[in-house]
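Me: I have a new structure to read and would like to learn how to look at its features one by one. Could you guide me through them?

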Amino acid sequence: MKTPLRVAVTGAAGQIGYSLLFRIASGAMFGPDQPVILQLLEAPIEKALKALEGVAMELDDCAFPLLKGIVQTDKPELGFKDANWCLLVGAKPRGPGMERADLLKDNGTIFIAQGRIIDAVAAADARIAVVGNPANTNCMIAASQARRLPAERFTAMVRLDQNRAQTQLAKKAGVDLTAVKDIFIYGNHSPSMFPAFAHATINGKAAASVINDDAWLKGPFCETVGKRGAAIIAARGASSAASAANALVDHVRSLVTPGAIHSVAVKSDGRYGFDANVWAGMPVRTTTPGSYEVITSYGMDVFAKTKIAATFKELVEVRAFVAEMIK
Ligand code: NAX
């Protein structure tokens, strides 16, 4: 029996948490022979903590053989203690009429504190994956507080966008989803993101030649992927939850699977035109469990460069809003 992994999840009583925790406990994230201890962290709000109690009761009722313990807490020092993975899902949502600067400030406060505490109390091999929006910026802020854990350990999720792009390409080409490969997301997890279709393949051929509709790829395809989150809200009356949880399972699963090639928002060091010190979506190859290298070999045409420049500009603008927080 392997030693259980300690997996901290923030926002554990939220809607993504409700789709996520059962997948982790069932083995979908770390494999069918890897036991886990779930360390569930919620905001110090009575209603959220009560809901968390109910979620923990349901986890118990699943009798998952891999689930070796559940911690429920509103204390980050306890929630992140010795955690091997910290999944930062909880964040403050943008309320009606709320300015972007206020949202960034409120979330910045949360992610500064969490970054510091993770750095102080998490396991030496801790990896951090940020989902709470604005995910790239929150990840940058948390990483900026770390002195012990290297910045590469902090990643933000763009896998939902990659999964969305893969499905859109498969539908358009009328092929099975598994025929679509190498579609990666560049930049911010926001409508400005760029799904770089020029490198995608369908059944081993260039996706652009199979689809043969440049206008669709440059227009509706990019727009559909970029605005999918808003379309889900319009249809469901609530933001993506099960698909976001599924994408986080994919994000972590790929990061612990050597050889996996996938999109992750990571700290840039100037690749693909992103300036150092923004967290931007890029293709990575997992090297050893939890570690990766950025794939730098993809060339970009004029259209791709323009799209990447736009999402980069947005990342830099947002960084300017939080400059005080990342000093
Ligand atoms: P919910 O509002 O259902 O749940 C969030 C939970 O976080 C709440 O239970 C809240 O009490 C908790 N929370 C707030 N502050 C906390 C803190 N300081 N410590 C611990 N817990 C805290 O939101 P949900 O639908 O689960 O979404 C969570 C986050 O994911 C949001 O920021 C959302 O915007 C973001 N998303 C990110 C996606 C991505 O692809 N990166 C896609 C889906 C989703 O929109």
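Reply: Let us begin with a term for helix pairs: a crossing is called left-handed if the near helix is turned anticlockwise from the far one by less than a right angle, and right-handed if it is turned clockwise. Please keep in mind throughout that the model is predicted.

Me: With that term in hand, which hand has the crossing of helix 1 and helix 10?

Reply: The crossing of helix 1 and helix 10 is right-handed. Helix 1 covers residues 15–26 and helix 10 covers residues 242–255, and the two pack at an angle of about 40° with their axes 8 Å apart. That angle makes helix 1 oblique to helix 10.

Me: Which residues make the contact of helix 1 and helix 10?

Reply: From helix 1 come Ile 16, Ser 19, Leu 20 and Arg 23, while helix 10 brings Ala 242, Ala 244, Ala 245, Asn 246, Leu 248 and Val 249. Sorted by kind, the residues of this contact between helix 1 and helix 10 are seven nonpolar, two polar and one charged.

Me: Helix 10 also packs with helix 6; at what angle do helix 6 and helix 10 pack?

Reply: For orientation, angles of 65 to 115 degrees count as roughly perpendicular. Helix 6 and helix 10 pack at about 105°, with their axes 8 Å apart, and that makes helix 6 roughly perpendicular to helix 10. On the side of helix 6 the contact is made by Arg 159, Leu 160 and Asn 163, and on the side of helix 10 by Ser 243, Ala 244, Asn 246, Ala 247, Asp 250, His 251 and Ser 254. The residues of the contact of helix 6 with helix 10 divide into three nonpolar, five polar and two charged.

Me: How do the axes of helix 4 and helix 11 cross, and at roughly what angle?

Reply: The axes of helix 4 (residues 100–121) and helix 11 (residues 302–321) come within 10 Å and cross at roughly 70°. Helix 4 and helix 11 are therefore roughly perpendicular to each other, and their crossing is right-handed. Arg 100, Ala 101 and Leu 104 of helix 4 meet Glu 317, Val 318 and Phe 321 of helix 11 in this contact. Four of the residues in the contact of helix 4 with helix 11 are nonpolar, none is polar and two are charged.

Me: Let us turn to single residues. Is Gln 162 buried or exposed?

Reply: A residue is called buried when its relative accessible area is under 20%. Gln 162, which is found in helix 6 (residues 159–173), has a relative accessible area of 7% and is therefore buried. Leaving aside its neighbours within four places in sequence, Gln 162 is in contact with Ile 183, Phe 184, Ile 185, His 262 and Ser 263.

Me: And is Leu 217 buried or exposed?

Reply: Leu 217 has its place in helix 8 (residues 214–226), and at 1% relative accessibility it counts as buried. Not counting residues up to four places away in sequence, Leu 217 touches Leu 169, Phe 197, Ala 208, Ile 211 and Cys 222. Between Leu 217 and Lys 171 there are 46 residues of separation in sequence and 13 Å in space, C-alpha to C-alpha.

Me: How should I read the strands, and in what order do the three strands of the open sheet lie?

Reply: Strands of a sheet pair through backbone hydrogen bonds, either parallel or antiparallel. Here three strands form an open sheet in the order 7-10-11, and the pairing is antiparallel. The edge strands are strand 7 (180–181) and strand 11 (205–206), each of which pairs on one side only. Two bridges join strand 7 to strand 10 (residues 201–202), and in strand 10 the bridge partner of Lys 181 is Thr 201.

Me: How many bridges join strand 12 to strand 13?

Reply: Seven bridges join strand 12 to strand 13 (residues 279–286), and the two run antiparallel. Ile 261 stands opposite Arg 285 in strand 13. Strand 12 (residues 261–267) is mostly covered, with five of its seven residues buried.

Me: Which residues is Gly 281 in contact with, leaving aside its neighbours within four places in sequence?

Reply: Gly 281, which lies in strand 13, is in contact with Asn 136, Val 158, Ile 185, Tyr 186, Gly 187, Val 264, Ala 265 and Phe 274, once those neighbours are left aside. Gly 281 is buried, with a relative accessible area of 0%.

Conventions. Residues are numbered from 1 along each chain as its sequence is written. This is a predicted model: local features need pLDDT of at least 70, side-chain atom pairs count only at pLDDT 80 or more; totals for chains, interfaces and linings use all residues. Side-chain values use heavy atoms; hydrogens and water are left out. Axes are lines fitted to C-alpha atoms, for helices over the stretch in contact, and angles run from 0 to 180 degrees between N-to-C directions. Helices (H or I, at least four residues) and strands (E, at least two) are DSSP runs, numbered from the N terminus. Angles under 35 degrees count as roughly parallel, over 145 as roughly antiparallel, 65 to 115 as roughly perpendicular and the rest as oblique. Contact means heavy atoms within 4.5 Å. Ala, Val, Leu, Ile, Met, Phe, Trp, Tyr, Cys and Pro count as nonpolar, Asp, Glu, Lys and Arg as charged, and the others, Gly among them, as polar. Buried means under 20% relative accessible area, exposed over 50%, partly exposed in between (1.4 Å probe, protein chains only). Two strands pair if DSSP finds at least two bridges between them.
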